[in-house]
Amino acid sequence: MFEHMIGKRSEKVLNTVERGAVKKFAASIGDEHPVYLDPEYAKKSRFGKNIAPVTFPRVFDYGQIEALKLPKQGLIHGEQRFHYERPLFVGEDVYCYTEIKDYYEKTGSSGRMGFLVTENNGDDAEGNQIFSSTSVIIINEAVRKGMEEA
Amino acid sequence: MTSLANLQTGDSLEKIELSPVSRLDLIKYAGASGDFNPIHTIDEDAKKAGLPGIIAHGMWTMGNLAKLFTPYLEEGFVQDYIIRFAGMVFLDDVITLKAELAEKTDDVLTFNVAAENQKGKDVIKGSVNFKLHK
């Protein structure tokens with residue numbers, strides 16, 4: 001169903017690791033450590049700057065892939081991976097885009113399921129990768145059939 | 001606090017037990033993450049989607065689990081964090097975060113990590129590669 005979308009990418013979108021957003025995010029997962037929040041602490045730390053929590057890239061805008069339409073309901077987040085070349089620094093600019101990496105179907109006890117693998121990427125201004133974040137989204141049989149008929 | 005680099009294979013980090021999951025936790029996460037899927041905050045929408053009630057964002061649980069490593073960020077950083085979502089988290093569930101050192105090289109520590117509910121079932125599980133500073 002999404003096989004023809006494999007390899008498609010969005011245009012890069014400029015995001016900034018905003019201090020206020022990091023603070024709110026850290027609070028929402030109960031991880032309010034000074035390494036994320038306190039500039040004075042950060043200066044003396046190994047990184048020299050505040051960094052963002054590992055799962056923070058969830059908040060970025062990765063742009064839209066043309067013609068990719070996903071249903072609002074019936075999607076299951078099956079797996080999630082983050083890979084970092086280095087931590088994200090508070091205040092830095094990140095160029096984000098998303099790519100469809102794979103799509104496959106499997107038949108299990110609950111019918112024929114679709115598996116959509118998307119990769120969100122964050123690069124620095126020179127185009128070097130800072131992180132990638134890969135999601136496996138499971139599309140259950142009812143939703144899959146509904147989409148095919150639509 | 002012990003240093004991560006001194007841990008031996010089979011050693012565990014100190015577990016963290018979270019407060020029972022509250023609606024406000026999920027409303028806060030929705031706002032902070034931008035994920036406003038109503039199955040996480042609005043009862044009627046969760047029921048319409050066939051769920052017994054609202055469920056936590058998988059990424060909320062994953063975000064929480066990573067904080068086991070925050071106290072050690074002077075020693076390195078989380079290079080890889082891989083999670084499979086194995087079960088749903090409901091309101092009032094009590095989630096415990098755990099990590100055990102599975103493998104060790106000169107500069108990378110690989111932990112098996114999981115978040116477990118009050119019934120002893122892992123709701124998310126996976127691994128963390130912690131890269132030590134040279």
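**View 1. The second largest pocket of the predicted model, with a volume of about 210 Å³.** The coordinates come from a predicted model, in which local features need pLDDT of at least 70 and side-chain atom pairs count only at pLDDT 80 or more, while totals for chains, interfaces and linings use all residues. Residues are numbered from 1 along each chain as its sequence is written, chains are lettered from A in the order in which they are written, and side-chain values use heavy atoms, with hydrogens and water left out. A pocket is an open set of points on a 1 Å grid over the protein atoms alone, where a 1.4 Å probe fits, with protein on both sides within 12 Å along at least five of seven lines, and its lining residues have an atom within 4 Å of a point; the volume is the space filled by probe spheres set on the points. The lining comprises 14 residues, of which Glu18(A), Ala21(A), Phe56(A), Val59(A) and Ala32(B) lie nearest the pocket centre. Strand E1 (13–16) and helix H1 (19–28) of chain A, together with helix H1 (23–33) of chain B, are the elements that give two or more residues to this lining.

**View 2. The aromatic cluster that includes Phe56(A) and Tyr29(B).** Phe25(A), Phe56(A), Phe60(A), Tyr62(A), Tyr84(A), Phe131(A) and Tyr29(B) form one cluster, where rings pair if their centres lie within 6.5 Å, with planes under 30 degrees apart counted as stacked, over 60 as edge-to-face and the rest as tilted. Over all chains, the count comes to 10 aromatic pairs. One of these joins Phe56(A) and Phe60(A) edge-to-face, at 5.6 Å centre to centre and with 90° between the planes; both Phe56(A) and Phe60(A) are buried (under 20% relative accessible area with a 1.4 Å probe, protein chains only).

**View 3. The aromatic pair of Phe69(B) and Phe111(B).** The ring centres lie 5.0 Å apart and the planes stand at 70°, so the pair is edge-to-face. Phe69(B), in the loop between helix H3 (58–65) and strand E2 (76–85) of chain B, is linked in this way with Phe111(B) in strand E4 (residues 108–116) of chain B, 42 residues apart. Phe69(B) is buried, with a relative accessible area of 2%, and Phe111(B) counts as buried at 0%.

**View 4. Lysine charges over the rings of Phe89(A) and Phe115(A).** Lys49(A) lies over the face of Phe89(A), at 4.4 Å from the ring centre, and the charged end of Lys106(A) sits over the ring of Phe115(A), 5.0 Å from its centre; the criterion for lysine places NZ within 6 Å of the ring centre and within 35 degrees of the ring normal.

Key:
Helix = DSSP H or I, 4+ residues; strand = E, 2+ residues; numbered from the N terminus. Phe/Tyr/Trp six-rings, centres within 6.5 Å; stacked < 30°, edge-to-face > 60°. Buried < 20%, exposed > 50% of the residue type's maximum accessible area, 1.4 Å probe, protein only.
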